Amino acid sequence: MKVLVDRRDGLTVATDLAASGVFERPEKDDTFPRSLQKEDEATKGLVKAAWARKEVKGKRRALRGETTVFHRPDGKGRLLLVGLGPRAKFSPEIVRRAAAEVVRTCRGRGVRTVGFNLGSFVAEGVRSEAAVAAITDGAILGNYEFEKYRSTSEGKVEEAAIYLGEEFARDEAALKKVVSNHAALDDVVVWARDIANLPADTASPQRLAEEAMALGKEMGLKVSVFDEKKLAEMGCGGILAVGIGSASHPPRMVVLEYPGGARRGRTVAVVGKGITFDSGGISIKPALGMQEMKFDKSGAVAVLGILRAAATLKVPPRVIGVMCCAENVPSGTSYRPGDVVRTFSGKTIEVLNTDAEGRVVLSDGLGYVVQQYHPDEIIDLATLTGAQVVALGDDTAGMVSNDEKLAQGLLAASAQTGEPLWRMPLTDYHRELVKSDVGDVRNSTEIPVAGMLTAGAFLETFVGGTSWAHLDIAGPAYTTARTRKWQPAYQNDGATAFGVRLVTRYLEAPPARA
Ligand code: BES
Ligand code: ZN
Ligand code: ZN
């Protein structure tokens with residue numbers, strides 16, 4: 001979807017559909033808002049009439065704003081009013097959500113170009129730059145749907161125009177810059193969602209490696225792919241153990257290098273869990289919902305997206321991406337509970353549950369990147385534990401980190417992008433729980449407590465003291481038909497590519513260290 005900036009006043013232009021935001025009035029005050037005057041004139045009094053009948057109230061409920069469509073008597077198309085809720089709670093996130101609701105309302109209604117009347121989305125708490133950024137995000141992300149395997153299409157919106165009007169026309173150049181920066185990043189998110197949504201028969205570890213190679217070619221990034229033979233030579237026993245059970249889809253480790261926009265900048269490594277299907281292996285999962293485990297590659301796909309975004313937006317630091325890809329299935333050759341695996345770093349893992357495979361593949365990726373690149377910071381992204389979803393829900397990722405500045409930097413980026421993130425503690429209690437009697441660490445604990453945090457303690461043993469943050473994205477990486485109605489309208493059904501915008505914005509910001 002293209003997003004254009006147009007100097008004109010949206011209500012004077014004939015469009016398929018133009019949208020304005022409406023605030024909810026304080027209680028007991030039902031006077032017609034002055035801010036809707038132009039909309040009322042454009043509809044020859046229809047808006048005022050709808051307000052008087054309480055059809056338009058500007059309310060938001062359960063993450064959705066009220067939407068009302070008017071057919072303009074002057075023949076200039078349709079006007080859509082979208083509820084923004086009370087002024088006191090207004091924020092860029094409300095605009096992001098409302099913009100997504102607008103494009104989704106347009107779906108299948110013969111709207112090719114949707115217009116946004118900027119003035120109606122700017123108020124205390126949201127300046128014009130923030131409003132155009134959020135409109136761009138909401139429109140592009142909200143318009144996304146995974147359509148690869150559908151033979152019919154509902155007719156999506158093709159173009160969004162943000163109308164500045166007299167009030168903002170003089171800021172056109174600056175606003176255009178904001179829009180193009182956001183559209184570039186949102187396009188990467190859409191691209192990543194398309195890969196993360198692919199089913200496991202198609203998105204094999206080799207296919208993910210090919211996506212990385214194609215990206216490398218397109219953007220001029222160095223990409224190395226390690227196949228099972230090379231992984232064995234390197235001593236990557238973790239990725240090999242998890243992937244050994246798949247007859248058709250052997251494991252791969254993929255390393256991408258973006259050289260950095262700044263001279264002598266810092267190096268940030270992003271490491272992703274790329275389980276193309278997680279059946280649990282010998283410790284097999286129940287059948288119900290198992291199809292969702294095609295999304296267990298979301299961390300690795302986020303890494304792909306972050307590298308594409310880093311190169312597109314030319315972020316200052318050097319960025320090393322590592323994707324740890326394997327298919328976790330049961331067979332006669334699968335790894336089993338009781339096995340002891342030697343990883344790249346030399347540390348050994350006692351496998352007690354083959355379904356705790358994410359940490360096993362990440363052990364090699366983390367160990368490798370530490371030894372090979374000595375990064376200043378490591379960020380890993382993984383759909384690592386069901387415990388994360390229980391603790392924080394479907395919308396919020398869990399973070400554990402050994403570095404205050406890195407953690408604060410990521411939290412600041414999260415506040416900016418609207419991808420919720422919450423930091424959790426990592427203590428000696430969790431470290432104690434993952435110690436093994438047989439090897440160095442065990443991949444599942446004796447007592448089933450704090451699953452997200454013991455997984456974090458496990459990963460910590462492989463970062464060798466490097467500044468590190470672990471993002472457990474098991475909940476927010478995807479939605480299902482059941483869970484998505486509770487999510488903002490810019491989260492489609494399926495992969496969300498959570499983390500791509502967040503980590504990219506973190507990389508864009510000035511170095512976290514003083
Ligand atoms: N891929 C799963 C975690 C997951 C659960 C992701 C739900 C997305 C939604 C992971 O590999 C897993 O199965 N973890 C186990 C670990 C346990 C066996 C220690 C879990 O969380 O139950
Ligand atoms: Zn698992
Ligand atoms: Zn998994």
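Which residue bridges the zinc ion (ligand 2) and the zinc ion (ligand 3)? D278 does, and the two ions lie 3.2 Å apart.

## Basis

This is a predicted model, in which local features need pLDDT of at least 70 and side-chain atom pairs count only at pLDDT 80 or more, while totals for chains, interfaces and linings use all residues. Residues are numbered from 1 along each chain as its sequence is written, chains are lettered from A and ligands numbered from 1 in the order written, and side-chain values use heavy atoms, without hydrogens and water.

Strand β11 covers residues 267–278; strands (E, at least two residues) and helices (H or I, at least four) are DSSP runs, numbered from the N terminus. Of its 12 residues, 12 are buried, meaning under 20% relative accessible area with a 1.4 Å probe and protein chains only.

β11 pairs in the parallel sense with β12 (residues 318–328) over 11 bridges and with β15 (residues 377–382) over five bridges; pairing requires at least two DSSP bridges between the strands. V270 has G321 as its bridge partner in β12 and stands opposite I379 in β15.

Donors are N, O and S atoms within 2.8 Å of the metal (3.2 Å for Na, K and Ca); water is not among the atoms, so sites may look incomplete. D278 belongs to strand β11 and E357 to the loop between β14 (348–350) and α11 (358–373), 79 residues apart. Both D278 and E357 are buried.

Conventions. Buried means under 20% relative accessible area, exposed over 50%, partly exposed in between (1.4 Å probe, protein chains only).
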